[in-house]
Every structure is written in C-alpha cells, then in structure tokens.
Amino acid sequence: MARTPLDLDELVEHWTLLKDEQALVSGKRGATRLGFAVLLKFYTQYGRFPRGRAELPGEAVEFVARQVQVPASELGFYDWTGRTVEYHRAQIREHLGFRECSVAHAEKLTAYLAEHVADKERRPEQVRVELLARCRTESIEPPTAGRCDRIVGAPLCGRPRSR
C-alpha cells in the first residue's frame, strides 16, 4: 500500500528539531548526527523507534538533514545495530522520560489489561491499541511486536469475563 507523502505542515509539526533537541544532536557528526536526529523525531511522533531506515519517510529524512546540515544520503552510513544505536536510544529515552519495558512493566501492563480492558474488549487489535496507549501514559517504551502479542494474549486467553 502506498504511503501519502508528507506535506510541509506535517514536516514542520512532527520533524522540526526543538531547541533542546538541537542541543542533544549538537555533539554528534555526520551520519551519527542525522541518524540520532531522525530516531529522536520518529520516537517523539510514534512513541517507539523505527525498525530500520525503510520505515522513515524520505521527505522527513531530507527535512531533518537540512536542519542538522548533513546530507540525507549520509543516513545510509548510520549503523542500525550495535552499541552506538543502543546508546542513542538510551539517550533519547532519558531525554523524553521513557523507560524500556522490563519484565515487571510487562506484568503490570498485563494486569492492567486484564482488569480494565479485556472484560469489555475481546478483539486483540483493539486490546493492543489500549496496551500502546497505556505504555505512552506510563512512559514505557512499547515492547517488541512479539512481546506485545504475548501481553495482549494473556488476558484474552481465558474464557470471557462477566460484565
């Protein structure tokens, strides 16, 4: 399915680096600077990190590249695996006040869904929406897709609860 190109208003609203964000990227250079900046803006918009370069809209990369004064083509040299990207993710989480989803968080989220959602909503896709919203409310980075499936499935696997 084709994606609708972003217009200038969307680029400005979601992909403009704010003053505090500019300070975060200022010490980085080249592909690292651009990679960090697009990770940061993607996270602020979607509440998670992109799974790779293919998930980033080309016009957004160009827009951010102009702001950080790095050619958009440099993003091809950004390492999406390894210690650097993990460090960048940790910096972004800390800056935005988010935490990785621990086992304890997953258990708490599962209990929340069982108590507040699964008795009224039995469609897994809608329970997943509620899970992701709760993650955002609790400042928890959403778990991986497989872990989300397990968290969503746990309160739904039993027989329907009484209303």
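Student: Why is Arg89 called buried in this predicted model?

Tutor: The relative accessibility of Arg89 is 19%. Buried means under 20%, so Arg89 counts as buried. Arg89 lies in helix α5, which covers residues 83-96. Leaving out residues up to four places away in sequence, Arg89 touches Phe49 and Pro50.

Student: Why does Arg93 count as buried?

Tutor: Arg93 has a relative accessibility of 8%. The cut-off is under 20%, and Arg93 therefore counts as buried. Arg93 also lies in helix α5. Beyond neighbours within four places in sequence, Arg93 is in contact with Tyr43, Phe49, Phe98, Arg99, Glu100 and Glu141.

Student: What makes the pair of Glu21 and Lys41 a salt bridge?

Tutor: The N to O distance between the side chains of Glu21 and Lys41 is 2.9 Å. The rule asks for a Lys or Arg side-chain nitrogen within 4 Å of a carboxyl oxygen of Asp or Glu, so the pair qualifies as a salt bridge. The two residues, 20 residues apart, link distant parts of the chain: Glu21 is in helix α2 (residues 19-25) and Lys41 in helix α3 (residues 30-46). Glu21 and Lys41 are both buried. By this rule, the count comes to 10 salt bridges.

Student: How do you know that Glu55 and Arg48 form a salt bridge, and why are they called partly exposed?

Tutor: The closest N and O atoms of Glu55 and Arg48 are 2.3 Å apart; the limit is within 4 Å, so the pair is a salt bridge. Glu55 has a relative accessibility of 26%, and Arg48 has 22%. Partly exposed lies between the limits of under 20% for buried and over 50% for exposed, and therefore Glu55 and Arg48 count as partly exposed.

Student: Which class, buried or partly exposed, applies to Glu121, and which to Arg123?

Tutor: Glu121 has a relative accessible area of 17%, under the 20% limit, so Glu121 is buried. Arg123, at 45% relative accessibility, counts as partly exposed. The closest N and O atoms of Glu121 and Arg123 are 2.8 Å apart in a salt bridge. Elsewhere, salt bridges that share partners join Arg48, Arg51 and Glu55 into one network.

Student: What lines the largest pocket?

Tutor: The largest pocket has a volume of about 580 Å³. Of its 25 lining residues, the closest to the centre are Arg48, Pro142, Pro143, Thr144 and Ala145. Helices α5, α7 (124-137) and α8 (145-156) are the elements that give two or more residues to the lining. The largest share, five residues, comes from α7. By class, the lining has 13 nonpolar, two polar and 10 charged residues.

Student: Which residues have the most contacts inside the largest nonpolar core?

Tutor: In this core of 29 residues, those with the most contacts are Trp15, Leu34, Leu56 and Leu75. The elements that give two or more residues to the core are α1 (8-15), α3, α4 (58-68) and α5, and α3 gives the most, with nine residues. Leu56 touches Trp15, Val38, Phe42, Pro50, Val61, Leu75 and Trp80, not counting residues up to four places away in sequence. A second, separate core of 14 residues includes Cys101, Ala106, Ala118 and Cys148.

Terms used: Residues numbered from 1 in each chain as written. Predicted model: local features only at pLDDT ≥ 70, side-chain atom pairs only at ≥ 80, totals over all residues. Heavy atoms only, no water. Helix = DSSP H or I, 4+ residues; strand = E, 2+ residues; numbered from the N terminus. Buried < 20%, exposed > 50% of the residue type's maximum accessible area, 1.4 Å probe, protein only. Contact = heavy atoms within 4.5 Å. 1 Å grid on protein atoms, 1.4 Å probe; cavity = no way out; pocket = protein on both sides within 12 Å on 5 of 7 lines; lining within 4 Å. Points joined across faces, edges and corners; volume = space filled by probe spheres on them. Nonpolar A, V, L, I, M, F, W, Y, C, P; charged D, E, K, R; others polar. Core = buried A, V, L, I, M, F, W, Y, C linked by side-chain atoms within 4.5 Å.
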